[in-house]
Amino acid sequence: MEGSSSSGSDLAFKSSQTIHTEHLKTVRAVAWSPAGKTLATASFDSNVGIWEQGRDNDADEDGGEDGEAGLGNGEWECIGTLEGHETECKSVAYSASGTLLASCSRDKSVWIWEVQPDAEFECMGVLLEHSQDVKCVAWHPQEEILASGSYDDTIKLYVDDPSDDWYCFTTLKGHDSTVWSLAWSPCGRYLASASDDKTLRIWAYVDISATAAENAGEKNNKVLQVKPPSTLTSGQGDGRWVQVSVVEDAERSLYSVSWGKGKSGGLGWVASVGGDGTLRVYDIQEDPSSVALKPKLITSIPDAHGVYDVNGVSWNPRRGFEDVLATVGDDGSVKIWRVDSGKC
Amino acid sequence: MSSELFNANPTVFSSARSASNTSDTESDGDEVEEIDQDEIFGLIRTIYDPEHPNTLEELRVVSAPQITIKRNHIVVEFTPTVPHCGMSTLIGLSIRVRLLRSLPSRYKVDIFVKPGSHQSEHSVNKQLNDKERVAAALENPPLVDTVEKCLSKPSPILQLI
């Protein structure tokens, strides 16, 4: 099926290729590897598919340059299938370095795989910490730290212990219902979560003296870098995870959140979408006197997909396009937006 | 699967005669008619209980007063016949599927058990209103077959402008 776009902007989009996966049920989520050559698919059939593009048969000597001219015309092939989940797989994500892949499922587990040469994948851990379905996984933008969001209303963070076992080192509680989606800030010091409880929340690792200092009237921002617990030395102080913001604008469940660099500096822009059909974009700036954040709504597009739920949102990661994002909805369409004009 | 029913002896009520068409609103060609409680009830009253040859109306599981509509938001409350009813999620799913197939896309539907009527009220409500759980359930052929059996009595087709 040929896809096409209609828009009045300088950007044009056209459907490039369709991969007819062999998944037996819905393909729920997709994730690009950081190098942009490999695609992972998460399916309700419980498997994760790994796809790479074959050689372009029509390539001339200029074809196939990294980062140039996008994809070639080669066929996409399945180079691996990761089996193990017992029920629907909901989300899949590559770590920042591309050497790790995480998947999660209604079977309550999070699986961590190591990406090895020749399309080999080794299971590094099966984490059974949540008490209900795990809806999403998100890797920290720099560290090998994984976050997961669940039907059990919590968020868990995991890291690889030096003695080589993955474990959950903290649980973030606060949401009153399912956590559907997670997004780390580009700087890596904050984590945003979107929930069925209609709120968007932001979490940070702060110096334990931060709250006491604020209560005592001291002006202090003591948000700490997020690091694997084993790397923290006593000189770096004790920290704890706290909720630094709650945004209650949505009228129905929020299904997806994305955090991009934006064009206003600061911590960037957070986009959220959900069952009320509205696309909301917030500008996030740090307050030097407090760990609390006050996201500022800069764009609100009601009925972004007409009467339909908006299920996903994602910022363009490409430099120069920090004001461009994509949304997907139950109307079956993908929409590309630019923030300054507020038009699709 | 146990051969014991959750509620072997449900109370069966008689169903009301179909509500007469009381649409007396003049609508010009461009206006969309709002759906009312009775029309939603009309869609779900004929759904069969999974365990008995009775409709949800006859068992007083659904009723018109338990349906709320505000603009495009519909809330359907249903009452399981017994507090430990293990068929509740299936009944709720049948209601959802019937409405999904019959209503225009603009309606958002929430389905809850009547507060206090079920011992796992929160758990049942959460499952019924998680659209991913619902979508996955509808990709499960044996479950879909069971839902289809509950829906197999033809329902009135809503003609909407």
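Modeller: Trp180(A) is buried, at a relative accessible area of 7%. Here buried means under 20% relative accessible area, exposed over 50%, and partly exposed in between (1.4 Å probe, protein chains only). Tyr255(A) is buried too, at 12%.

A word on conventions. This is a predicted model: local features need pLDDT of at least 70, side-chain atom pairs count only at pLDDT 80 or more, and totals for chains, interfaces and linings use all residues. Residues are numbered from 1 along each chain as its sequence is written, chains are lettered from A and ligands numbered from 1 in the order written, and side-chain values use heavy atoms, without hydrogens or water.

Now the pairing rule. Rings of Phe, Tyr and Trp (its six-membered ring) pair if their centres lie within 6.5 Å; planes under 30 degrees apart are stacked, over 60 edge-to-face, and the rest tilted. That gives eight aromatic pairs over all chains. In one of them, the centres of Trp180(A) and Tyr255(A) are 5.2 Å apart and the planes stand at 85°, so this pair is edge-to-face. Trp180(A) lies in strand β13 (residues 179-184) of chain A and Tyr255(A) in strand β17 (residues 254-260) of chain A, so the pair ties together parts 75 residues apart in sequence. Strands (E, at least two residues) and helices (H or I, at least four) are DSSP runs, numbered from the N terminus.

Chain A also has an aromatic cluster made of Trp184(A), Tyr205(A) and Trp241(A). Trp241(A) also touches Thr170(A). Beyond neighbours within four places in sequence, Thr170(A) is in contact (heavy atoms within 4.5 Å) with Ile155(A), Lys156(A) and Leu157(A) as well. Thr170(A) sits in strand β12 (residues 166-172) of chain A. Thr170(A) is buried, at 18%.

Residues 20-52 are 0% helix and 52% strand, with their end C-alpha atoms 13 Å apart.

Next, the partner chain. Tyr151(A) takes two charges from chain B over its ring: the charged end of Lys126(B) at 4.5 Å from the centre, and that of Arg133(B) at 4.4 Å. The test asks for NZ of Lys or CZ of Arg within 6 Å of the ring centre and within 35 degrees of the ring normal.

The contact as a whole takes 16 residues from chain B and 23 from chain A. About 1,600 Å² is buried between the chains, 41% of it from carbon and sulfur atoms; this is the accessible area (1.4 Å probe) that two parts lose on being put together, summed over both. On the chain B side, Lys126(B), Lys131(B) and Glu132(B) lose the most area, together 38% of what that side buries.

Lys126(B) belongs to helix α3 (residues 121-128) of chain B, where Val124(B), Asn125(B), Lys126(B) and Leu128(B) are buried. The buried residues of α3(B) pack against β2 (73-78), α2 (88-102), β3 (108-113) and α4 (131-137) of chain B. Chain B has five helices and three strands, in the order α-β-β-α-β-α-α-α. Of its 161 residues, 42% are buried.
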